[in-house]
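Here are my notes for you to read beside the model. Take the points in order, and keep the 3D view open.

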Amino acid sequence: MTDLRYPNAVVHFGVFFQGVNHSTIWSDPRSGSQMNHSTFTQLIRTAERGLLDAFFLGEGLRLREQRGRIHDLDVVGRPDALTELATLAGLTDRIGLVATQNTTYNDPADLARRLASLDVLSGGRAAWNVVTTDNAWTGANFRRGGYLDHADRYERAERFVNLARRVWDSWDGSEFAPVDSDDGFFDVEIAPTVPRSPQGHPVIFQAGDSPTGRDFAARSADVIFSAHGSDRHDALAFADDVRRRVVAAGRPEDDVLTFPGTQIVVADTEGEVEEKARWVLEQQVTPAPAHDPVIADIDGTRGAARQGHDPRAIAQEWRRVAEENKFSLRELVLHTSARRGFAGTASQLADELTLWVRSGASSGFNVTPFLVPSGLDDIVDQLVPALQERDAYPTAYVGTTLREHLGLRPPLTRRR
Amino acid sequence: MPPPFHVFLDVDGGGWHPAAWRRSRVSPDAVFSPARLKEFAVTAQAQGLTGLTFEDSTLPDPRNPHGHLDAVQRAAFLAGTTDTIGLLPVAATTYSEPFHVAAQIASLDHSSAGRAGWIATTSTPAVARTVNLPVLDDPQAELTDVVGAVRRLWDSWEDDAVVRDVATGRYVDRDRLHHVDVVATNFSVKGPLTVPRPPQGQPVVAAHERDLLDPGVVDVVLTGSERTRRSAGGPLVVLEVEFALDTAAASGAQRVEALDADAPAPARGRLRWTGSGEGFARYLSGLAGSVDGVRLHAAVLDEDLRTLLRTTFPALRVARLLRPPAAGATLRTTLGRPRPVNQFATA
């Protein structure tokens, strides 16, 4: 391992409590409540014991449904992210607190203020994972309704973030100046009500893989939260692309960190690794439904169907795979869902993850535990020490703010 | 034993007086310090208070620029380090999203194990400018609509909606989740909420009587008038009192006068009381016959809280008017209000 791009890089971890997903195994007896406060407390205390950089909460503003029927097979129901994180701020000292928040269904005056409040209450540990939504269906829960096409929602997101930064900058020492905006998206005047936090601005995460999303991150974010968390070559290509875009935006190439979402299965021996990974996969795929899916009912705006992919082409490819291997429907799903994230012994994983960050494939990993709240224990108790033995993980929190944990430069608008 | 009497203390900035931060024993920025907020909460809980309230404004006073951290954030910050005291943030209804407010207060109720309240308020027209919405000329009607929508959203999950039925693979029973289908004058909400039903079913809702068309929509009516009395079967009545107590250096009235010289205090529809700590205890005891409690606003928290703790609260305790909430009790239980039946429950 001689020509590593970042030979001294260390692994950064976040933990992602999604609250709504199919990867959290709820049927296992070890799986706890997804809402009781003790669950959040246990998970974040484990994370802080393991010196993780950040605790992420997901957000969604409408329950998933299909043709008016609420999806009932996955974990669902979660607290409001910023409210929950404020409680967790009162119970922790160092770990970063990342709230996923939508720019389509929030107002800058309100959201900038709530983020700044969390940042002050936590002593500079707040972050905002910026997401957008493009369907009027979610808008049915809100005063303004809301449908924006793909390009417009990123335009709004970027203007939203820039406006929030101006609000955060407008309380400067003993100076307060209202912020005016009249840009076609936001015709508002916002006066600051919250003083500056120890880290200046909340850290900005951008979640979105499309070219528009990547460019937005390159111009406006501190960290990009990607889906490239399984294959190192794929992750490297993504990270290289982000670096190119960051440089094109006039920033140093390492100014935007890459944090792929992933899953990590740790076991003691290679045999156990395979067995455990298979068990996790099987548990994550729900039992076969009692009815056959109706193709006409599949609607790209109401599920996790990937933007820009042709569902018919995917279906044809999967049909071919199923026929070739004589797969049942369930076997096909298991096959197409395989190879999500990492599986290995602590020592294998430590080598692999170290290679990822030192080769520049990612800056760290945002781990979704498959069991809540105990799913982080193996990582903290086995993987973290193995990384520390390789000098690829910190042995203490050095700073107090999230910006310091991540080694970020000052906020974009606060640089000399 | 006298009837239950509830003492709420507001902890916003330096105190109710806009010049309070100038008198605080801490630097201006430390008025926002999280450690200080925790200190107030620990003290208030140890004193046996029913609740902390968190006043708020999204507009700073231009004559006396000083801020507020978001009230729901402050209340939530204290949820994990307190265990009996109620937490009642102010959240406005006029230009905010009912869906967000419902989710925030429901979350506060979950993380505090049933100690959340919500003081619903109206906003001034100036707030409309911050969010680019048309000025509403009937904010009271809007408050009624928003409170109604939020209550439906809190009920949109039945208590036992999470079934975790391994045999059928169902995490939730979709028949126990409900679209709320609210269509009000200025907004509509489809639902259901993304947060399961709060532990109290319905967190305690309070509003000032000037903001209410119909007191029946809230659990607690806040009033600035001693003439407002509780009525059998109606909401609880809590008197809002701005107070300034005598210190060794100056009388309460003199202190207010000096503060007014720095920055005049606006009228906020609250009663004003000045005098000695003992006199304040006698005054509050006299109220116990006609109202269910008081919401206390200290002129300068750092100065007035000291006198309150030393003289007023001990006297209230002797009169059995300050009785700590029971361990594990929800705010509703402490207030003697039953847990509401879910409006969507099919039995």
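1. Start with one term. The radius of gyration is taken over C-alpha atoms, and the globule rule sets it at 2.2 Å times the number of residues to the power 0.38. Now apply it to chain B. A compact globule with 347 residues would have a radius of gyration near 20 Å, and chain B agrees, because its value is 20 Å. Keep in mind throughout that this is a predicted model.

2. Next, the overall build of chain B. It has 10 helices and 13 strands. Its C-alpha atoms fill a box of roughly 70 × 50 × 40 Å along the principal axes. Of its 347 residues, 60% are buried. Look also at contacts between residues at least 6 apart in the sequence of chain B: 74% of them join residues at least 24 apart.

3. The surface of chain B comes next. Chain B exposes about 12700 Å², and carbon and sulfur atoms supply 54% of that. The chain carries 35 positive and 39 negative side chains. The centres of these two sets lie 5 Å apart.

4. Turn to chain A. Its secondary structure comes to 13 helices and 17 strands.

5. How much of chain A is buried? Buried residues make up 57% of its 416 residues. Among contacts in chain A between residues at least 6 apart in sequence, the share that joins residues at least 24 apart is 78%. Chain A exposes about 17300 Å², with 49% supplied by carbon and sulfur atoms. It has 46 positive and 59 negative side chains, and the centres of the two sets are 2 Å apart.

6. Now bring the two chains together. The size of an interface is often given as the accessible area lost when the parts come together. Here, the area buried between chain A and chain B is about 5500 Å². Carbon and sulfur atoms give 57% of it. The contact takes 62 residues from chain A and 68 residues from chain B.

7. Follow Arg143(A) across to its partner. Ser96(B) touches Arg143(A), and also Val101(B), leaving aside residues up to four places away in sequence. Ser96(B) sits in the loop between β3 (86-92) and α4 (98-111) of chain B. Ser96(B) and Ala128(B) are 32 residues apart in sequence, and their C-alpha atoms are 9.7 Å apart in space.

8. Pick out one helix in chain B. Helix α8 covers residues 277-287, and its buried residues include Phe280(B), Tyr283(B), Leu284(B) and Leu287(B). What covers them? The cover for the buried residues of α8(B) includes strands β11 (236-245), β12 (271-275) and β13 (293-298), along with helix α9 (301-318).

9. Back in chain A, find Ala116(A) in helix α3 (residues 108-121). Is Ala116(A) buried or exposed? Its relative accessible area is 8%, so it counts as buried; the cut-off is under 20%. Ala116(A) touches Trp168(A) and Val194(A), not counting residues up to four places away in sequence. Arg156(A) is 40 residues from Ala116(A) along the chain, and their C-alpha atoms are separated by 20 Å.

10. Check the backbone for cis peptide bonds. The bond from Val372(A) to Pro373(A) is cis, with omega near 5°. Pro373(A) lies in the loop between β17 (364-367) and α12 (377-389) of chain A. The bond from Gly191(B) to Pro192(B) is cis too, with omega near -10°. Pro192(B) is in the loop between β8 (188-189) and β9 (204-208) of chain B.

11. Finish with phi angles. Ala113(B) is not glycine, yet its phi is positive, near 55°. It sits in the loop between α4 and β4 (117-121) of chain B. Its relative accessibility is 52%, so Ala113(B) counts as exposed. Asp181(B) also has a positive phi, near 45°. Its place is the loop between β6 (170-172) and β7 (182-183) of chain B. Asp181(B) is partly exposed, at 46% relative accessible area.

Methods
Residues are numbered from 1 along each chain as its sequence is written. Chains are lettered from A and ligands numbered from 1 in the order in which they are written. This is a predicted model: local features need pLDDT of at least 70, side-chain atom pairs count only at pLDDT 80 or more; totals for chains, interfaces and linings use all residues. Side-chain values use heavy atoms; hydrogens and water are left out. Helices (H or I, at least four residues) and strands (E, at least two) are DSSP runs, numbered from the N terminus. Buried means under 20% relative accessible area, exposed over 50%, partly exposed in between (1.4 Å probe, protein chains only). Contact means heavy atoms within 4.5 Å. Accessible areas come from the Shrake-Rupley method with a 1.4 Å probe; for residues, only the protein chains shown count as cover. Lys and Arg count as positive and Asp and Glu as negative; His and the chain ends are not counted. The place of a charge is taken as NZ of Lys, CZ of Arg, CG of Asp or CD of Glu. Buried area is the accessible area (1.4 Å probe) that two parts lose on being put together, summed over both.
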